[in-house]
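Hello,

Here is the structure you were to receive. Please open it alongside this email, as the notes below follow it.

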Amino acid sequence: MKTRKLLQVLASLLLFMAVVPAFAHQQKTAISTILFNPRTENIEVMHRFNVHDAEHAVRHIFGKNADIIASSDTQQEFSDYVAQRFSMATQNGDAITLQSAGYEIDGQFFWVYLETGQPAKLDNLVIRHNALRDLWPSQINTINIEGKGDLQTLTFSDSVELLKVEFDHQ
Amino acid sequence: MLKRIIATSLLSIATLAAAQGAINQTKGDYEDKFRQLNESLPTPNVYRNAAGQPGHQYWQQQVNYQIKAHLDEEKHRLEASETINYKNNSPDTLKYLWLQLDQNKFRSDSLSAMSSSFGGIGARGPATKSASGDKPAQLSLDALRRQQYVADHELGYQIGEIRDASGQKLHHVIVGTNMRIDLAQPLRSGESVNFSIEYGYNIVEEDAVSARSGYEHFPDDKREGGNDIFLLAQWFPRLHAYTDYEAWTNKEFIGRGEFTLEFGDYDVQMTVPGDHIVSSTGVLQNPRQVLTSTQRQRLEEAENAEHPVFIVTAEEALENEEAGTTKEKTWKFSAKNVRDFAWASSRKFMWDAKGHKQKDADQDLVMAMSFYPKEGGELWQKYSTEAVIQTLDVYSRFAFAYPYPTAQSVNGPVGGMEYPMISFNGPRTELQDDGSRTYSQAEKRFLIGVVIHEVGHNYFPMIVNSDERQWSWMDEGLNSFLDGVAGREWDPTIPWGVEPRDVIGYMKSQSQVPIMTQSDSVLHLGPNAYTKPAVALNILRETILGRELFDFAFKEYAQRWMFKRPTPSDFFRTMEEASGVDLDWFWRGWFYSTDHVDISLDKISKLRMDTKDPDIDFDRQRQVELDKPMSLTDERNKAEGKQLWVERFPGVTDFYDENDRFTVTNKERNKYQKFLKELKPWERATFERAVKEDKNYYVLEFSNKGGLVMPILLELTFADGSKEQQYIPAEIWRRTPKAVNKLIITDTDKELVSVTVDPRWETADVDVSNNNYPRKIIPSRIEAYKRKKSTKKVSRDIMQDIKTELKSDDEDEDEDKNDD
């Protein structure tokens, strides 16, 4: 899981065709919180997607009858899809495995929840967040990391696949 | 040498100070969150005054166009000629004119193409991803398609001859998406000039390049070779705006920052295949030549109809798209006082219309119309035209009566884009295996939402003509605010967004940029140009100004700048001047900074008025002492049955065992009387009343953790179970923006037990866990979710699901895995 720069630039094709023009109601942005919850002593990951983004995404991924609002199968599939494209590890390469904690629709947002226990000591986190970015690469995923020092923000846009945060221990 | 270094560093310090502004806090860490904006706003002048109103010498140019266009369906090409009449109302003499050649954005040598980074952010179109981590770089199929398309097609304008009215050729220079035309004679103030341009271009396939217009091909239609829908926008060389605040607004079109244009009158003729239906900005001038008598009759019926009337029915559109013709027709449209012109053409269109009557308006009848192919189907029949009318109804209340004769919604390949009197909207139905077409409720919401939004853009920026290239928020933010209002009036159970809580994730992030950032440079355009300004206006309306003041000021802004060109300062100034409320702190915090709202209630102390009467006060002090918990040692000694020494030997007690240290003597009583006597009559009256009322005094200590100053909204809960709301204006922060105390006085029997800041989540406070005193445990989303699993089924494609056959018991097993 070590970050390394690839000198070789390969063109590899994505499987999905994304013909989704931009307009007010499809923002192609997701915002997530990684919360170090002192009460539960868990790391809680809460991904928030716009239903309009998810609605179009699931039809591209799972077929035209996929329905993010009405079908619990689609919700489960989308939740699994997000979980697969999100991962955390330490810089040393120790993966931090997350368990699903559920998903729900709240107003215009679809939430995906993941969690795991907090390791005894954590100096840094290397994070990958590719959800929807494999579908339409103009997707921007933002993560706020809270509950461990000052709030830190990671923005997955452009060419970024892996981002790292450092935690200060005083 | 050393001297020079010192001089240089002094200079740079001076420059830095100058950049910070003329007024500088150079001691301590006080930050004036209420500093008036005048030093940041442009100086008022005769064109834009200090009230945010057009000044007494306000001017704007006028540009009229006559265009003849020919649409070649097979070649997907447009050939046209335009005659432009440019009237110079500015006080300046112009030697040259600048025009927009937006189609050149698609050229491979455009600034847009050359400046896009690999996997660049913010592109409105197919994107790419470059290598990082352990993954190779990726090109999406879309990006490849675009690349191939651009390689295979000559894109951009081919500009032919440009001649002035006397037939003289005019020299011109093309600079990317801009063109400068050098006039034969300098154009003086008040003069006008006519010139003509021959041009043509290959229309882009919208799906291939992702644009705001283009064609969509339907290869599966029955007609040989299929059919197309053409959406024509940014389709003619258009004059750049020449303004009092920026002169020529010729900042190159990179793709994100949209347009700013001049108002003018248009006469446009478009020659298209004879079986096409054309939807266009303006009013059709030759219905007898292009419509059948039945269609004309239906249009007349539609003017007074209660429900939309079909001008072209679904059946007729289907016949059209199967047949085809080699003949052509020329449609003629005329539009007055518009800042742009767009149109659509296809043989696939069905067309419905309904007249919208406006009371006490210059334009008493507006024809609301929708054009859509069978792919739009029932979804469009039901909601498009109705949503157009609802938009006009709501927006007119907030701004001004709709001034144009038509308002149209057209379905094509563009997800959502706005032009005067016409908008392009994307939602469609799904073709099911049984041949029927259905749609989910999400798609229905999408259609209603996007139609309201795009038709709403008629007001901002088509009529209130803000500069989109510089400030996306001026049209997107204001329009998102109003589409939220209209949406809620349509159906409040649909989540319409623009709730303060929706934007907290963005506002607390480190990647937020100020709303006042030029639109091509904004990282998160959606939250920054749409959601955050819309939320800000919502807060102004519902919480800070209240509806009466806000609605008056907002309407004043819209009416002042109707058919004119406002800048941000005109908006800020008008909202303040018309509401009579100083809002500089609000604009500073929400529009010029990246602060967020996080107000914490840290502590509450209770105080009681001393009576000075020793017989009362000493007793109270004694009670305080008694209320303290007993010493653990004493308590345990007692429990063990230890007898006290003084109990065992009564002889060792004296006076002090009978009278504690709170015993009152006449010495204190005399002092009290002396104190009363020395009070002036008014002091004594005040004192005695305060003692008699014996109120509760609470000191609330707040800290501002987010930096953004906002009103403090309090909910006070009392021991008797009653609640009280209190509004502390933002100005409480003016001298100490980081922390403030507030004294709250209640009657003796109104004992405060808890206080909540912003109980209804009105202010976008990002951390509610510090909003309660005493503190409450606020569960995280996951904790809350685990407690109560939400199973909202707000939208299902019931139209499809209802066809599900009821299974008998023995079939059940196979079904378990399918949809619920």
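A nonpolar core is a set of buried Ala, Val, Leu, Ile, Met, Phe, Trp, Tyr and Cys residues joined through C-beta atoms within 7 Å. Keep in mind that the model is predicted.

The core. The largest nonpolar core has 210 residues, and those that touch the most other members are Tyr113(A), Leu231(B), Leu232(B), Trp351(B) and Ala407(B). Helix 13 of chain B, residues 525–544, gives the most to this core: 10 residues. For Leu232(B), setting aside neighbours within four places in sequence, the contacts are Leu78(B), Ser213(B), Ala342(B), Trp343(B) and Ala344(B).

The sheet. In chain B, four strands form an open sheet with antiparallel pairing, in the order 10-11-20-16. Strand 10 (214–218) and strand 16 (277–280) of chain B are the edge strands, each pairing on one side only. From one strand to the next, the twist averages 10°. Strand 11 (residues 227–232) and strand 20 (residues 343–346) of chain B are joined by three bridges in the antiparallel sense. Phe230(B) has Ser345(B), in strand 20 of chain B, as its bridge partner.

A residue in chain A. His60(A) lies in helix 1 of chain A, which covers residues 51–62. Is His60(A) buried, exposed or partly exposed? His60(A) counts as partly exposed because 18 C-beta neighbours lie inside 10 Å; a residue is buried at 20 or more and exposed at 12 or fewer. Between His60(A) and Leu154(A) there is a separation of 94 residues in sequence and 27 Å in space, C-alpha to C-alpha.

Regards

Terms used. Residues numbered from 1 in each chain as written. Chains lettered and ligands numbered in written order. Predicted model: local features only at pLDDT ≥ 70, side-chain atom pairs only at ≥ 80, totals over all residues. Helix = DSSP H or I, 4+ residues; strand = E, 2+ residues; numbered from the N terminus. Contact = placed C-beta atoms within 7 Å. Pairing = 2+ DSSP bridges. Axes fitted to C-alpha atoms, helices over the stretch in contact; angles between N-to-C directions.
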